[in-house]
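Please prepare a short briefing on this structure for a reader who has not seen it before.

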Amino acid sequence: MLRYAIRRVLWAIPTLLATSLVLFFVTTLAPDPAPGEDDPLTDEARRSRFVDLPRFVNQNPQDVVSRSRDAVARIAAPSTGSFPAGTDDDRARAERTLQRLGGAALPYVLPAFEALAPEARGRVAMALAPVAERMGLPGRDALAQPGSAVVFWTRFWDDRALDFTRTAVDRAVTRLIEHGSDLRESDLVALDTFALPDIVRAMGTTADRVALQRLTRIAHHAVGRGPELEADATATEARRAVADWQEWWFVHATDFVALDGADRAIAFVTETRYGKWLKRAAGGQLGVSAIDGEPIADKLLERAPVTLLVCGLAMLASWSLAVPLGALAAWRRGRAVDAATAAAMFVLYATPTFAVAELLRRATAGHAVEGARVALAVAALTVGSVATLSRWQRTAMLEVVRQDYIRTAFAKGVPGWRVLVVHALRNALLPSVTLAGLHLPALLGGDFVVEEVFGLPGVGYETLRAIEAHDAPWLMAVVLASAVAVTLGLVASDLAYGTLDPRVREVLVRRQEGKAA
Amino acid sequence: MTQRPPRDPSVVLDLSRRKGEPRSVVRESLFVAGRAAAPYVTTTRIALARLGRDRLARTGALVLACLALVAVFADLLASDRPLVCRWHGAVYVLPAVVQPEAMRGLDCAAMRSDAAPGDWMLAPLVAHGPVTPGGEGQALLAPASPGHPFGTDAEGRDLFARVVHGARTALGLGLLASLVLVAIGVVAGALAGFAGGLVDALVSRAVESLTAIPTLVLVLVVAALVPHPTTATLLWTIALTRWTELSRLVRGEVLKALGEDYVTAARALGASPVRVLLRHVMPNAIGPALVAAAFGIASVVLLEAAVDFLHPGSLDTMSSWGEAMGEARTQGGAWWLIVFPGLALVATLASLNLVGEAVRDALDPKLRGVGHEGGGA
């Protein structure tokens with residue numbers, strides 16, 4: 001039985017992966033921002049949606065090494081005046097790229113100075129001047145002239161190369177968190193973007209408000225964007241700031257990190273649109289709402305209780321109505337009771353949930369108190385599901401009443417109600433466990449409708465607002481969350497069925513033994 | 001059918017009903033008869049005979065036929081253009097359809113007030129279209145009146161016209177989407193069952209993963225993300241996600257048929273796999289496909305209405321029942337905005353379900369000669 005359970009859970013993984021492929025396809029439906037000529041806003045929008053990455057396989061993942069080499073090559077290219085390499089425009093753009101890469105690019109740019117032509121070397125050294133400014137290096141006046149600038153950077157690298165190692169940065173960041181001081185902070189500022197991987201990682205692990213304040217300040221100084229925490233920031237503000245930085249880092253990490261060895265091999269798959277999207281979704285990093293900038297995960301958790309309450313109550317109510325109705329109809333099949341329930345259920349079956357909900361809302365408008373809205377929503381949802389469920393229950397019961405053991409029970413003189421409850425209903429209830437799982441998608445869809453109609457602040461209500469605002473992160477998160485919830489529900493109902501029904505259990509065990517033999 | 005030699009004695013389907021017998025029983029009794037009316041008892045013939053005797057199915061089919069007629073001839077029932085008219089000396093027949101350019105900017109009311117001597121016109125049943133009227137003095141949110149049999153909505157549009165044209169949206173979209181989903185479902189199910197192995201595993205994963213996504217949620221999200229959602233968007237979204245149930249049924253039928261003796265016999269006689277699949281296996285899938293088509297239309301109609309109800313105007317439909325009901329949510333007292341489109345919707349769904357269930361029961365061999373037991377409604 002345990003093996004069956006493990007197998008069933010493992011089988012859910014490929015299903016979820018396939019689901020994620022479907023959802024990924026849906027995300028690509030949303031329009032991509034067009035590539036802009038030097039427009040930082042659209043560039044940023046494209047990057048944050050990974051539009052420029054290949055979909056499934058990245059044969060040439062970019063990192064700080066390749067980016068800085070490319071930028072240096074473009075700055076160093078002799079001025080030909082022809083498009084694109086060598087034009088002033090292209091060179092200026094490459095300089096801006098190099099300045100953005102900043103400290104993280106230095107370990108790959110400075111040692112390569114020797115390979116450049118003297119004139120090109122001077123241009124690159126001058127292009128790095130704003131970086132030196134940002135790092136607060138002494139003797140920056142030398143950067144005004146190409147010759148002295150090259151000397152400045154060569155000397156800088158001779159002195160400071162040892163600071164630009166991962167272990168050194170890691171130690172510096174740990175120290176800053178443990179005993180923060182302005183000196184230690186300026187040490188990290190002098191490393192510029194090279195320190196970012198450790199700083200962003202540290203933001204996620206420390207809860208110390210002062211340390212966070214320093215970390216966000218350093219990060220902001222290095223890249224010139226992102227929130228800086230104030231000393232009196234609340235816990236919510238701190239969490240939001242950290243989420244913002246992590247989100248930014250998720251998008252921009254390859255600007256500042258070198259991919260080598262295993263990282264490079266993995267990047268073939270992870271540095272793709274699908275890889276990035278899946279990683280983000282699997283890590284619970286669902287992004288930030290386009291409406292109010294709140295992290296999606298927080299918002300989802302905040303809204304989920306209402307939805308779970310409505311769904312849970314509706315499930316309870318509809319099953320407790322559907323089981324007696326269906327069982328009775330099957331017990332008295334072909335009689336007036338059967339015909340009456342069949343007719344009633346038929347009408348309910350053809351009535352959409354939204355119409356029921358809207359009529360209910362209109363009928364109670366003006367009388368309803370605040371708390372009754374949940375009850376009304378549950379009632380509407382119950383009316384919507386009870387028809388399907390009671391028909392399932394009737395079919396299950398019909399199977400059972402034809403069995404020999406029912407006839408036997410009657411023959412040996414068991415009273416009718418006892419045959420119904422003890423012999424028939426108990427067995428007829430088993431398939432309902434599976435059906436409860438199968439009913440989940442319809443239940444969720446109906447829940448969205450009733451939340452919207454009755455204005456309950458649950459996931460569905462928020463989703464409708466997100467649809468109006470085209471809030472793509474929230475919408476994707478909701479579809480993903482509901483798919484995961486339904487899959488888990490299906491797995492749970494399968495497991496419960498296997499546990500409850502001795503016949504199924506036996507078949508499963510026999511099948512496994514048969515396979516083993 | 002015609003190439004086969006006539007057999008004697010003929011086998012005749014007995015469609016007479018004996019006293020006290022349940023209505024849906026068809027006696028497939030064989031008896032020798034001189035009549036050549038129905039020489040063979042085939043599954044199709046039995047199914048048709050059962051369908052013909054099912055009064056509920058007949059009612060459902062009748063309602064559906066009426067709705068289909070309404071959908072096809074919506075322009076004759078409610079339109080702001082005349083059916084036939086003489087306008088400034090020229091006679092136009094169905095100008096809205098035949099010469100849309102000539103009548104641009106003109107509707108019945110304008111033509112009546114601006115008629116030249118000798119002009120005449122034959123207006124449709126209701127002389128209003130489903131789109132926002134341009135003229136002044138429109139009755140907004142008016143209850144039923146002779147000019148507007150179902151009343152008007154908040155923008156002064158005639159509700160009767162909206163309901164009539166909504167039938168076109170609902171049934172047209174339902175039929176198309178259902179055709180596509182049946183095609184996908186049959187092909188996927190047949191491949192999975194016949195090829196087995198990797199194909200089967202892939203299709204099964206796809207079915208499971210698509211089943212896990214609530215369709216209504218997905219449709220809403222797709223309609224919100226796509227730049228300009230059209231009814232085609234809705235059609236494809238539904239068709240591409242709703243084929244799973246049918247493919248599971250078809251796969252089951254195929255697997256069952258592959259174990260039958262007649263398939264073994266066909267193989268032994270040297271039939272190619274393609275012939276075995278198409279000639280001997282796939283006919284078994286016709287039944288599930290027909291039933292899925294009927295229920296598929298119902299679910300598409302329902303989904304379209306729900307999407308338009310929750311987010312009116314998100315699709316470029318000319319008029320939709322769900323949209324009319326959705327727009328009515330802010331109009332407290334106007335009950336007619338909910339009731340008339342709602343009734344149309346319920347009638348469509350109910351008759352589709354009736355027909356679908358009747359087809360399923362008629363094709364189910366287990367029910368042959370048994371009372372109407374598994375139907376439930």
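Of the 517 residues in chain A, 36% are buried, where buried means that 20 or more other C-beta atoms lie within 10 Å of the residue's own, exposed means 12 or fewer, and partly exposed is in between, with C-beta atoms placed from the backbone. The model is predicted: local features need pLDDT of at least 70, side-chain atom pairs count only at pLDDT 80 or more, and totals for chains, interfaces and linings use all residues. Residues are numbered from 1 along each chain as its sequence is written, while chains are lettered from A and ligands numbered from 1 in the order in which they are written.

**Chain A overall**

- Chain A has 25 helices and 0 strands; helices (H or I, at least four residues) and strands (E, at least two) are DSSP runs numbered from the N terminus.
- The radius of gyration of chain A is 32 Å, whereas a compact globule of 517 residues would have one near 24 Å; the radius is taken over C-alpha atoms, and the globule rule is 2.2 Å times the number of residues to the power 0.38.
- The C-alpha trace of chain A spans about 110 × 70 × 55 Å along its principal axes.
- Of the contacts in chain A between residues at least 6 apart in sequence, 71% join residues at least 24 apart; a contact means that C-beta atoms, placed from the backbone, lie within 7 Å.

**Positive phi in loops of chain A**

- Asp192(A) is not a glycine, yet its phi is positive, about 55 degrees.
- The loop that holds Asp192(A) runs between helix H10 (182–189) and helix H11 (196–205) of chain A.
- Asp192(A) counts as buried because it has 26 C-beta neighbours inside 10 Å.
- His470(A), also a residue other than glycine, has a positive phi near 55 degrees.
- His470(A) lies in the loop between helix H23 (459–469) and helix H24 (472–500) of chain A.
- His470(A) has 15 C-beta neighbours inside 10 Å and therefore counts as partly exposed.

**The sheet in chain B**

- Chain B has an open sheet of 3 strands in the order S2-S1-S3, with antiparallel pairing; two strands pair if DSSP finds at least two bridges between them.
- The edge strands, S2 and S3 (120–122) of chain B, each pair on one side only.
- Strand S1 (residues 84–87) of chain B is joined to strand S2 (residues 90–93) of chain B by 4 bridges, and Cys85(B) stands opposite Tyr92(B) in S2(B).
- The hairpin of S1(B) and S2(B) has 2 residues between the strands, and His88(B) takes a positive phi near 50 degrees there.
- S1(B) and S3(B) run antiparallel and are joined by 3 bridges; Arg86(B) has Trp120(B) as its bridge partner in S3(B).

Methods
Two residues are in contact if their C-beta atoms, placed from the backbone, lie within 7 Å.
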